[in-house]
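Biologist: Could you take me through one part of this model up close? I'd like to see how one chain meets its neighbour.

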Amino acid sequence: MSVVILRGWTSLSLPKPSALPGFGITFGFAVTYLSLIVLIPLAVLVARAGELGFDGIWRVATAPRVLAALEVSFLVSGAAAAVNAVFGVIVAWVLVRYGFPGRRLLDAAVDLPFALPTAVAGIALAALYATNGWIGSLFAPWGVKIAFTPWGILVALIFIGMPFVVRTVQPVLQDLDREVEEASATLGATRSQTIFRVVLPVLVPAILTGVALAFARAVGEYGSVIFIAGNMPFVSEIAPLLIVTKLEEFDYAGAAAIATVMLAISFVSLLAINAVQAYSQRRFSRG
Amino acid sequence: MADGVLSESRAVRWTLLALALGFLALFLVLPLLAVFAEALRRGIQTFVDTFVDPDTQAAIRLTLLVAAIAVPLNVVFGISAAWAVAKFEFPSKSLLVTLVDLPFSVSPVVSGLVYVLLFGAQGLLGPLLEAWQLEIIFAVPGIVLATVFVTFPFVARELIPLMQEQGTSEEEAALTLGASGFRTFLTVTLPNIRWALLYGVLLCNARAMGEFGAVSVVSGHIRGLTNTMPLQVEILYNEYDFVGAFAVAALLAGLALVTLGTKSLLEWRYGDSLALAHRH
Amino acid sequence: MSTRLSLLAALAIAAGIMASYVSARAQSSQDVVITNVSYDPTRELYKAINEAFAKQWQASTGQKVTIRASHGGSGKQARSVIDGLEADVVTLALAADIDAIARESRRLPENWQSRLPNNSSPYTSTIVFVVRKGNPKGIRDWPDLARQGVSVVTPNPKTSGGARWNYLAAWAYELDRTKGDQVAARKFVEAIYRNVPVLDSGARGSTTTFAQRAVGDVFISWENEAHLILKEFGADKFEIVVPSFSILAEPPVAVVDVVVDKRGTRKVAQAYLDYLYSPAAQKIIARNFYRPSKPEAADPVDLARFPKLRLITIDDVFGGWKKAQAEHFADGGVFDQIYRPAGKTATR
């Protein structure tokens with residue numbers, strides 16, 4: 001991504017005459033399509049929210065129920081991203097470094113949350129973690145409820161965020177030069193010292209990227225969450241559901257306001273992801 | 001392998017393996033198993049009966065139709081955008097690439113909402129559409145639009161970095177040999193990107209068929225008319241027809257597995273060119 | 001070469017899918033399709049009715065009719081129709097919602113309710129309570145819902161029709177008990193809503209929350225939905241508590257004139273609604289736990305299920321739907337003023 005930005009900046013001039021044809025048509029089509037499908041509708045969204053004026057949007061965004069929903073969305077997404085960070089690294093390590101029967105299969109399966117429709121994941125997880133489900137019934141005797149509580153949301157968000165960290169860390173791990181680890185060992189480091197001081201720092205940019213992507217995806221997730229969340233305001237209601245509720249009440253401006261707030265936060269996260277990537281490239285990269 | 005120094009001790013290795021496998025079993029395997037187990041709970045006949053229902057059949061047809069429109073559209077866009085970005089220099093190139101990624105960071109619900117605000121009767125173009133007797137929201141075109149939005153970046157994201165890495169030398173060579181632009185594209189560029197293209201198409205298709213949130217917002221939930229398979233899953237679930245819901249879900253899960261299988265096949269045989277695409 | 005071939009193949013597949021879709025949708029001039037936009041709990045009812053009507057229509061006219069149904073909270077459905085959802089007929093939970101369609105979209109006349117018998121209501125229902133088996137919290141009547149520590153499930157009055165009947169029934173109870181004290185009634189309803197952890201958008205959503213997600217101690221429910229819960233989830237898990245007093249709910253039906261004239265389906269749409277009043281349909285209605293407007297046509301076994309309780313009507317107590325909707329459920333109305341979702345400290 002940063003390479004692309006770099007190249008973009010170095011070409012702040014009119015399009016160089018190129019031997020290749022087709023610039024006009026491809027660029028024109030791409031921009032038109034982009035505008036029609038993405039930009040104009042998003043602009044209409046912001047405009048609709050803008051009907052309320054800045055203080056109107058602020059009032060909607062800071063209403064207790066909205067704040068609670070945003071809090072639930074962000075807190076649980078953060079927790080899920082953290083869990084995925086830890087287990088994502090472990091899974092990536094195991095897939096890259098260890099051989100065991102079925103490794104290829106499992107490696108392919110890691111992408112399941114990408115390919116599986118969110119509604120399917122939603123009902124499957126709800127069935128599993130309900131008090132009479134395979135997993136829920138294990139916890140029921142202790143009075144622990146997973147489905148229809150914020151824990152259920154956590155489970156769903158861990159599921160959909162899982163591939164992100166694994167897939168960003170894997171290629172880095174694969175490229176890792178074993179010589180560096182061997183050198184560290186010959187210098188007298190224990191294995192854990194090597195892991196934590198030599199290997200992990202190299203992985204940090206990838207981990208951060210994966211975590212940021214998982215987090216961004218989790219915050220906006222709808223389909224896999226609504227079946228397993230309790231959808232109770234202030235407890236287990238996520239922000240996207242609140243948008244749908246407002247839509248159903250035909251409070252279009254309110255829905256647009258919350259959507260705009262979420263868009264703004266997504267935009268900030270995107271910038272943060274880029275900044276984090278750039279920073280960690282500089283800080284941790286081997287050059 | 002010198003245990004404990006060059007590699008983890010056996011204890012650590014086994015622990016890590018157990019943790020990883022346990023995590024994957026819990027979060028990957030079990031949900032998949034649950035889908036099929038619930039679908040077959042009342043036996044195979046009940047499972048098959050779900051698909052005799054005309055509303056379910058209509059949902060399947062609609063899902064296929066929407067994917068058949070959304071995927072080619074996004075393929076054409078992806079190729080255009082990648083061609084423009086990779087083969088030419090122009091200002092604001094990075095801006096274009098960032099904008100292409102925008103739908104990724106937008107919640108599916110918001111993706112549907114934007115079209116309701118634009119094309120709904122109370123929306124910006126509402127009165128215009130009413131005058132022309134065009135139905136977009138609560139009808140199939142709205143569903144197609146929402147799906148196109150949500151799957152917008154998939155193909156472009158695969159192609160742009162790859163084509164950038166590949167550069168322009170091959171195409172320029174073809175041109176000097178007298179090939180037309182389009183011919184160059186077909187015979188030189190396309191073979192170079194075909195696996196990444198297929199990969200992007202697979203992901204785009206899987207998402208297009210499985211999209212729930214965005215479609216839920218723009219569909220009128222009219223059974224047999226504006227319900228896609230994921231929406232049909234929700235309807236059956238809400239009518240306590242759990243076997244039915246999981247049966248349709250199993251079909252979708254099967255589709256996901258086929259997608260994954262094809263994807264791994266591609267990666268296994270053509271890993272290098274694909275690995276390049278992910279190096280951003 | 002292979003890439004061109006694969007491109008061609010992909011295009012061919014796409015074309016094939018589109019062609020099959022189009023041909024599947026193509027109907028002979030003998031076939032007609034109408035859309036019934038209905039409220040949330042009527043899914044099972046209209047499945048049965050549609051099947052019976054299609055059979056009867058085919059037998060009498062030789063024409064094949066397909067009825068497409070859409071279900072959701074009544075208020076939400078009404079707004080969707082206003083927003084452009086093409087409904088040939090609407091079968092909603094209360095008159096105010098169809099009034100809103102008439103007023104805002106002008107797709108049917110304002111006097112629609114007088115066009116069919118019994119205020120355009122082929123069936124009625126009422127509001128009862130559903131509790132867990134054994135009634136652990138001892139819910140007997142309306143005042144128990146306002147008790148401390150009782151968790152009440154009811155849908156969102158802004159989107160659901162059933163929710164509004166629930167609200168008005170509660171209000172009417174306290175009004176009756178205090179011989180007309182509006183302030184007391186308002187306090188009472190406010191106390192009940194303080195006990196509500198979540199408002200779903202439709203009656204069916206609330207059923208899912210109560211019966212499936214095990215939220216709440218008591219569910220204020222349509223009578224027909226209550227019986228359905230017992231049937232679907234088991235009479236060994238839930239029981240119905242009939243309050244001393246409830247409201248007569250009249251869910252009306254109407255043809256949407258502008259749409260049927262545009263689509264040329266007036267004849268069959270009208271016949272569909274007329275069919276609802278026929279003995280055959282009234283039997284189906286009773287069997288699906290709705291109170292038929294012509295009980296003489298129904299099976300006595302089904303009728304025995306409906307308990308006799310004191311029912312008031314919205315006209316008697318509230319002066320009709322127009323007044324009630326404007327006063328209680330419009331933006332800024334009484335409901336907006338009294339509903340405060342349970343705060344963080346209470347439920348976390």
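Modeller: Here is a look at the side of chain C that touches chain B. Bear in mind that this is a predicted model, where local features need pLDDT of at least 70, side-chain atom pairs count only at pLDDT 80 or more, and totals for chains, interfaces and linings use all residues. Residues are numbered from 1 along each chain as its sequence is written, chains are lettered from A and ligands numbered from 1 in the order in which they are written, and side-chain values use heavy atoms, with hydrogens and water left out.

So, the contact (heavy atoms within 4.5 Å) takes 34 residues from chain C and 29 from chain B. Together the two chains bury about 2800 Å², meaning the accessible area (1.4 Å probe) that two parts lose on being put together, summed over both. Carbon and sulfur atoms hold 60% of that buried area.

Which elements of chain C give two or more residues to this side? They are helices H1 (2-25), H2 (43-61), H3 (74-82), H8 (203-212) and H9 (223-233), plus strand S2 (64-71). Helices (H or I, at least four residues) and strands (E, at least two) are DSSP runs, numbered from the N terminus. H1(C) gives the most, with 10 residues.

By class, chain C brings 10 nonpolar, 10 polar and 14 charged residues to this side. Here Ala, Val, Leu, Ile, Met, Phe, Trp, Tyr, Cys and Pro count as nonpolar, Asp, Glu, Lys and Arg as charged, and the others, Gly among them, as polar.
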